[in-house]
Amino acid sequence: RSSSTAPACTGTVDPACWDHVVPFEARFLDSLELSRVSEPSEFEGAVARVFDQIDLDGDGTIDRCELEVLMRERVYSSCPPCVWAMDPDGLLEKLGATGPRVTRAEFHAAVERMADTLDRRVWPIATSQFFSTLMFAVNQPLMPLLVKELGISMAQFGGMVALMPLVRVALAVPATYVANRFGRKPLTVEGQLVAAAGFGMSALAATPAQLVMCRMVIGSGTSFAGVGQQNMLADIATGRTRSRVFAPGAVRSNAAFAVGPAVGGWLAAYCGVQ
């Protein structure tokens with residue numbers, strides 16, 4: 001809905017109501033319980049059942065009044081009209097209506113198109129995964145040099161390398177609980193900040209014990225950030241876009257592993273190991 005026609009919001013509005021937080025297509029599919037359906041035959045049956053639920057008068061079509069009821073009671077059930085991404089007339093057009101009503105065929109085609117559309121939130125999350133991985137990848141070629149400077153034995157070095165994955169494994173379940181309790185985005189952002197702090201402290205480490213503490217901080221931060229990112233992707237994936245939702249993050253993470261060691265080696269050569 002355009003700002004010129006939408007009523008002004010008064011009071012506190014749940015951030016999840018805004019379109020830039022939860023895109024309309026994702027909200028629409030979730031409200032109709034279609035976002036997790038993947039099999040074509042199952043999807044067709046689910047869409048048909050949803051159509052019958054929306055068609056309150058049972059005339060085989062959906063009109064504007066029925067769409068308004070849908071938006072108030074299901075799509076935006078806990079959100080005021082001032083934050084609606086579109087009004088019932090806009091939804092009527094989005095569903096492909098060629099007249100004042102949406103037919104069953106038009107509704108099925110429009111919903112299928114929404115379910116096949118890749119959620120735009122995938123790209124910032126994939127970029128976040130790239131930088132999370134880049135922090136780790138840049139550090140890889142520097143660790144042996146730092147260990148040598150600190151006089152750490154190979155056995156101790158092996159233990160340090162294993163420490164961070166162990167921390168991530170140990171924190172996976174607690175991180176999932178935190179993500180469900182406080183949200184995915186805070187966990188992702190704060191996890192990356194914790195990991196960045198750990199990498200920053202590594203530059204100041206003067207003893208093996210200090211380096212161990214830094215590795216534990218890094219492991220904690222990357223565990224929280226990784227769990228937050230994966231949960232965010234799982235939330236926005238539909239049954240028909242799941243592979244395409246996870247692919248960009250995997251590609252960018254692999255790119256970070258390819259670029260990071262080169263960047264780390266260049267920084268070590270020109271700026272020093274620490």
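Author: Let's start with Asp119 and Arg121, which form a salt bridge whose closest N and O atoms are 2.8 Å apart. The term salt bridge is used here for a side-chain nitrogen of Lys or Arg within 4 Å of a carboxyl oxygen of Asp or Glu. Asp119 and Arg121 are both buried; buried means under 20% relative accessible area, exposed means over 50%, and partly exposed is in between, using a 1.4 Å probe and protein chains only. As background, side chains of opposite charge can pair when their charged atoms come close.

Please keep in mind that this is a predicted model, where local features need pLDDT of at least 70 and side-chain atom pairs count only at pLDDT 80 or more, while totals for chains, interfaces and linings use all residues. Residues are numbered from 1 along each chain as its sequence is written, and side-chain values use heavy atoms, with hydrogens and water left out.

A search of the whole structure finds 9 salt bridges. One of them joins Arg64 to Asp89, with 2.9 Å between the closest N and O atoms. Arg64 sits in helix α3 (residues 64-75) and Asp89 in helix α4 (residues 88-94), so this pair links distant parts of the chain, 25 residues apart. Helices here are DSSP runs of H or I with at least four residues, strands are runs of E with at least two, and both are numbered from the N terminus. Arg64 counts as partly exposed because its relative accessibility is 31%, and Asp89, at 39%, is partly exposed as well. These two residues also belong to a network of salt bridges that links Arg64, Glu68, Arg72 and Asp89.

Now look at Asp235 and Arg184, whose side chains meet in a salt bridge of 2.5 Å, N to O. Asp235 lies in helix α10 and Arg184 in helix α9, so the pair ties together parts that are 51 residues apart in sequence. Asp235 has a relative accessibility of 33% and therefore counts as partly exposed, whereas Arg184, at 18%, counts as buried.

That brings us to the two helices themselves. Two packed helices are described by the angle between their axes and the distance between the axes. Helix α9 covers residues 184-202 and helix α10 covers residues 208-236; they pack at about 155 degrees, with axes 7 Å apart. Each axis is a line fitted to C-alpha atoms, for helices over the stretch in contact, and angles run from 0 to 180 degrees between N-to-C directions. The helices α9 and α10 are therefore roughly antiparallel to each other: angles over 145 degrees count as roughly antiparallel, under 35 as roughly parallel, 65 to 115 as roughly perpendicular and the rest as oblique. By class, the contact of α9 with α10 has 13 nonpolar, 10 polar and 3 charged residues. In that count, Ala, Val, Leu, Ile, Met, Phe, Trp, Tyr, Cys and Pro are nonpolar, Asp, Glu, Lys and Arg are charged, and the others, Gly among them, are polar.

Helix α9 has another partner to look at. The axes of helix α6 (residues 122-139) and α9 come within 11 Å and cross at roughly 15 degrees, which makes α6 roughly parallel to α9.
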